[in-house]
Amino acid sequence: MLKISLDRINELFEAISASQTLYIPTDREDGAAEYRKYESGMKLSNALNTVRSAKDFFFPQTENLVDFKMEGKNIEVIDIRKESEDFVIFGARACDARSFTILDKVFLAEPVDSYYKTRREHGTVVTMACTRPSETCFCGVFGIDATAPEGDAACWSDGESIFFEAHNEKGKKFIDSISSLLEDGDTAKLEETREKTRAILKKLPLAGLSTESFGGERMMEHFNSEKWGELSESCLGCGTCTFVCPTCQCYDIKDFNTGHGIKRFRCWDSCMYSDFTKMAHGNPRLTQLERFRQRFMHKLVYFPANNNGEFGCVGCGRCLSKCPISMNIVKVMKALEVK
Amino acid sequence: MQEAMINRAKQLLADGTVNRVIGWKRGEFVYDVTPAIFETAEELDAEFVYDDFTAANVSKYLVKECKKEGKILAFLKPCDTYSFNQLTKEHRVVRDNVYIIGIPGGPKLDAEKIKAKGITGILGAKNDNGTFVIETLYGEEKMPYYEALSTKCESCKSKKHVVYDELIGDDGEVLESDRFDMVEKLENMSAQERYDFWREQLSKCIRCNACRNVCPACTCEKCVFDNPDSGVENKAPADSFEENMFHIIRAFHVAGRCTDCGECSRVCPQNIPLHLLNRKFIKDINSLYGNYQAGEDTTSRAPLNDYKTDDCEASIVHERGVE
Amino acid sequence: MNNDALIPYIGVVTDIRQDTPDVKTFRVVSPEGGKVFEHMPGQCAMLSIPGVGEGMFSITSSPTNKDFMEFSIKKCGCLTTWLHAMDVGQQITIRGPYGNHFPVETELKGKDLLFIAGGIGLAPLRSVINYVRDNRSDYGDVQIVYGSRSKDDLVDYKEIIDEWMADEGIEVNLTIDNPQEGWDGHVGFVPNYVKELNPSINKTVLICGPPIMIKFTLAGLKELGFTETQVYTTMELRMKCAVGKCGRCNIGSKYVCKDGPVFRFDQLDELPDEY
């Protein structure tokens, strides 16, 4: 397997970033990790994951969709779209890699979202296998193997070197582009590392979580569950879970008058927000219970109903760490489990 | 403490003083607790928790809860009582519908501070004479206990309960805290340094509104930023400065009403030190109008709603920064 | 790059009719003349005034009309207020057509049809009614029960009187909520009127109106012996993208913008009651 020694990783980053934009997870001064555009000397984070997911790269929090010029009674529509430039996301975890295939099911379904598509086409996802899963991890519950992440190419660390493997043409092209830095390496120690990680994955406190009670077939049973009241009673109605979630993709469209034209924006929205379904003549989800229920029903029931049983959660655990009141999908799944 | 609280709650439920209790419920992990309502002794026994991680201030929930049938028992930490008093003063809670038991406060811990040390896979934790011993998936880890303190508890302003019906444990004193040190440090920066500091911090904002939604001073029925007809409702920042402004505007809005409970910074998923904005206002109000602590009582007039002939002139530009 | 569903076309408003005190009907063509796009009865379009807002509106004209599209719009929010204030010649943006449509070519074909509408609820049904009138031989008897608060609030009143009522084989039953000078027709609410009319239960029903009207009318129809599988309605929820992605109109496993807005009542029964 092709590898590079860990102490040469910045040489690798320099080589990649010489030809295209490279994003890597790096530590902020407050200790949290986030994806940043690589600049010389930037250090790859050792953190398990970033606070914000990697969905931003394909579905940014805010983006300009189209511009308008208004003149008298006339309107000019200005298509401001441009082809994305090539870029590499290095170090995405298995959970985030899976989230892209979930987002694909929404944005690449007809009619294809061209904004998302161009970024998806131009982005190369290089994943990094996990070696230190956290207590909040439960990707295995959704059939994700943290030691064998998806992505265009994947890499593994054995503590000394990083090993590479391509999963498709784009991944091959990526590895070819850095092949001069790579050498053939023995994977014995890597196999050992992977084995250790697999053992940890089995021991994770949430490893036993079951999805069996969920899916499209139990829609009304779960919708009408009496548990929602208790589960949602202390929900603040904020958007933290939604915005750190790698698969949440609801959005709003807004116009902004710059004074010399109108910009139409798309931005992340949250079904947890009180105005999400508000219309001029009323709101079908008046209480936080209904809004809270929507978010979890969508991930556990509605999404699988429309996507051959695939759930809208990848078990990354971000909502577990970040919800201000520690309410999350794991607690919902446990409460709604049909025994 | 937890046991004494459960026992007293059970008594008050049994004798009909209250029909429910607001407290905290145990979650999946040692650090993970959720504010919750308990209606029976069985629920209290099974799930009620009060420990190092019960940092959440439950005062704001009482705005909604006190409108329901019957009296509710609330366990309030000293800092939480300031929030409650302020809500009483603003007529947002009905004092008579809440039975308050004052409980000793923190310091409370923040799991994020542990994780920031690179300690992951947390399965258990205990304080061993100032050393925090953490059991993890990867073996035992140790760190100084005080380094796991929640930011809001790092510079505690008061151990005194300003409102209660009864106390469990002793009441404390208002403390001399160093809570304005960082504000002073920021004031002493050059304008550019200060600007860079806040741009760096506030640019991390993901506009999740957790700070606003948890804030006991933010109890508008309908926030202007949630009102599509307000013209400023915005989830899409039109430019990168907008969410910066959101926090500054919010700080203005709660000026003189913020009790410095620290919940905004505690819940921020991006670790933005939002409390520093509020502390700046508190510090300015103290120096311009004399010391004032929001929530200290329910009757005094707040400096910003009170006119006195010797108030400082609105046009006076206070000395700010070194430039 | 291919055109994106979110990038709209330009439409020109060539005619504005004041239908009722708060409903206007707008005629829209493309700047080059002719329709901006083709549609089926029951489908919708997103109309927008950039800087003001964008909203989903039912296309009220029939696809058989080859020259223009029409939208009957009630003034109730920011965007609709703006639309009501504009003059002929104004350009708007338009994208669509969105959603499914009434099954005029399949399930409705050859059937006796009963249209029931309340207030602005006539707007989406008008497209079907005129489609049926223009393909008269494909359908059986047509009965229209339409009610509003007052005579002045009956949308498309002139077209109803001059065209629909003049057609062979179309029975039009109008009603208003309260007695009014100059009205010698039926007075009373739609649900009761439908029961009084006692329509034959082999009819297929298309209903649209305020939720409360739909609720009671449906109950009345069931009493008369109708089943949910023969009643269609069209729904309205807040929408932003109109292409099943933004998540706003998601109810259960359905997206109203894509899987609806037309539903049969037995289909709605299988969904959470969040509309």
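Predicted model: local features only at pLDDT ≥ 70, side-chain atom pairs only at ≥ 80, totals over all residues.

**Where chains A and B meet**
- Chain A puts 41 residues into the contact, and chain B puts in 35 residues.
- On the side of chain A that touches chain B, at least two residues each come from α5 (188–203), α8 (240–244), β11 (251–257), β12 (262–268) and α11 (329–336) of chain A.
- Sort the residues on that side of chain A by type and you get 17 nonpolar, 11 polar and 13 charged.

**Chain C as a whole**
- Chain C is built with seven helices and 15 strands.
- Its average pLDDT is 92, and 99% of the residues score at least 70.
- How does the radius of gyration of chain C fit with a compact globule? A compact globule of 275 residues would come out near 19 Å, and chain C has 18 Å, so the two agree.
- Of the 275 residues in chain C, 55% count as buried.
- Take the contacts in chain C with a separation of 6 or more: 70% of them are between residues 24 or more positions apart.

**A sheet in chain C**
- Chain C has an open sheet of seven strands with mixed pairing, and the order is β10-β9-β8-β7-β11-β12-β15.
- Which strands stand at the edges? They are β10 (186–187) and β15 (262–264) of chain C; each has a single partner strand, so one side of each is left without a neighbour in the sheet.
- Strands β7 (residues 113–118) and β8 (residues 142–148) of chain C run parallel, joined by six bridges.
- Within that pair, C:Gly118 sits opposite C:Gly147 in β8(C).

**Helices against the sheet**
- Helix α2 (residues 122–134) of chain C packs on the sheet, where it touches β7, β8, β11 (204–208) and β12 (231–234) of chain C. The direction of α2 makes about 155° with that of β7(C).
- Helix α4 (residues 190–197) of chain C lies across β7, β8, β9 (170–176) and β10 of chain C. This helix, α4, runs at about 150° to β8(C).

Technical notes: Residues numbered from 1 in each chain as written. Chains lettered and ligands numbered in written order. Contact = placed C-beta atoms within 7 Å. Helix = DSSP H or I, 4+ residues; strand = E, 2+ residues; numbered from the N terminus. Nonpolar A, V, L, I, M, F, W, Y, C, P; charged D, E, K, R; others polar. Rg over C-alpha atoms; globule rule 2.2 N^0.38 Å. Buried ≥ 20, exposed ≤ 12 C-beta atoms within 10 Å, placed from the backbone. pLDDT = per-residue confidence, 0-100. Pairing = 2+ DSSP bridges. Axes fitted to C-alpha atoms, helices over the stretch in contact; angles between N-to-C directions.
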